[in-house]
Amino acid sequence: MPQITVDYSDSLASAFDRRTFALALHPLIVETIDTQLSACKTRFRRVDETVVAGGTPADALVHIGIAVLPGRSPELKARLSEAVLELLAGHLGPAEGIAPVLSAEVRDLEPSYRKR
């Protein structure tokens, strides 16, 4: 189950320790929402261009989307989102002239979700 997608700006590629982040993220999710470690899967997608409203060409972002089976409270999902952002800060090194926008969202998987 948890389907994790991390979108990140190309300009952060060398500053973002993606594998180490994912390996730390999985146990955090397991601990927070009570799921199996072997169920966690993370996919990273590098974004070629990022435009932040009112920003500059040096804008960057990291957005983490976590889709889980239904049944978790909104408060638990919010707590996981906050914990994920704290963890992310420790795995994103400095990138000269870039102050990335960081965001996280935990949402329910659709009823049609299947896994094999």
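Is Asp7 buried or exposed, judged by its relative accessibility? In this predicted model, Asp7 has a relative accessibility of 17%, and because buried means under 20% relative accessible area, Asp7 counts as buried. The close-up views below begin with this residue.

**View 1**
Asp7 is found in strand β1, which covers residues 3-9, and at 17% relative accessibility it counts as buried. When neighbours within four places in sequence are left aside, the residues in contact with Asp7 are Arg45, Val47, Leu61, Val62 and His63.

**View 1. Helices α1 and α2 where they meet.**
Helix α1 (residues 18-33) and helix α2 (residues 74-89) have axes that come within 10 Å and cross at roughly 155°. Angles over 145 degrees count as roughly antiparallel, and α1 and α2 are therefore roughly antiparallel to each other. Their crossing is right-handed. On the α1 side, the residues that take part in the contact are Phe21, Ala24, Leu25, Leu28, Ile29, Thr32 and Ile33, and they meet Leu76, Arg79, Leu80, Ala83, Val84, Leu87 and Leu88 of α2. Sorted by class, the residues of this contact are twelve nonpolar, one polar and one charged.

**View 2. An aromatic cluster of four residues.**
Tyr8, Phe16, Phe21 and Phe44 form one aromatic cluster. A pair of aromatic rings is described by the distance of the centres and the angle of the planes. With ring centres within 6.5 Å taken as the condition for a pair, the count comes to three aromatic pairs. In one of them, the rings of Tyr8 and Phe16 have centres 5.7 Å apart and planes at 80°, so this pair is edge-to-face. Both Tyr8 and Phe16 are buried. In another, the rings of Phe16 and Phe21 have centres 5.7 Å apart and planes at 55°, so this pair is tilted. Phe21 is buried, as is Phe16.

**View 3. His26 within helix α1.**
His26 has its place in helix α1, and with a relative accessible area of 13% it is buried. Which residues does His26 touch, not counting residues up to four places away in sequence? The residues that His26 touches under this condition are Ile4, Leu37, Cys40, Lys41 and Thr42.

Asp34 is found in the loop between α1 and β2, the latter being residues 41-47. What is noted about the backbone of this residue is a positive phi of about 60°, although Asp34 is not a glycine. At 66% relative accessibility, Asp34 counts as exposed, whereas His26, with a relative accessible area of 13%, is buried.

**View 4. Glu110 in the segment after β4.**
Glu110 is found in the segment after β4, a strand that covers residues 101-108. With a relative accessibility of 55%, and with exposed meaning over 50%, Glu110 counts as exposed. Seen together with Ala15, Glu110 is 95 residues away in sequence, and the two are 33 Å apart in space, C-alpha to C-alpha.

Terms used. Residues numbered from 1 in each chain as written. Predicted model: local features only at pLDDT ≥ 70, side-chain atom pairs only at ≥ 80, totals over all residues. Heavy atoms only, no water. Axes fitted to C-alpha atoms, helices over the stretch in contact; angles between N-to-C directions. Helix = DSSP H or I, 4+ residues; strand = E, 2+ residues; numbered from the N terminus. Parallel < 35°, antiparallel > 145°, perpendicular 65-115°, else oblique. Left-handed = near helix turned anticlockwise from the far one by under 90°. Contact = heavy atoms within 4.5 Å. Nonpolar A, V, L, I, M, F, W, Y, C, P; charged D, E, K, R; others polar. Phe/Tyr/Trp six-rings, centres within 6.5 Å; stacked < 30°, edge-to-face > 60°. Buried < 20%, exposed > 50% of the residue type's maximum accessible area, 1.4 Å probe, protein only.
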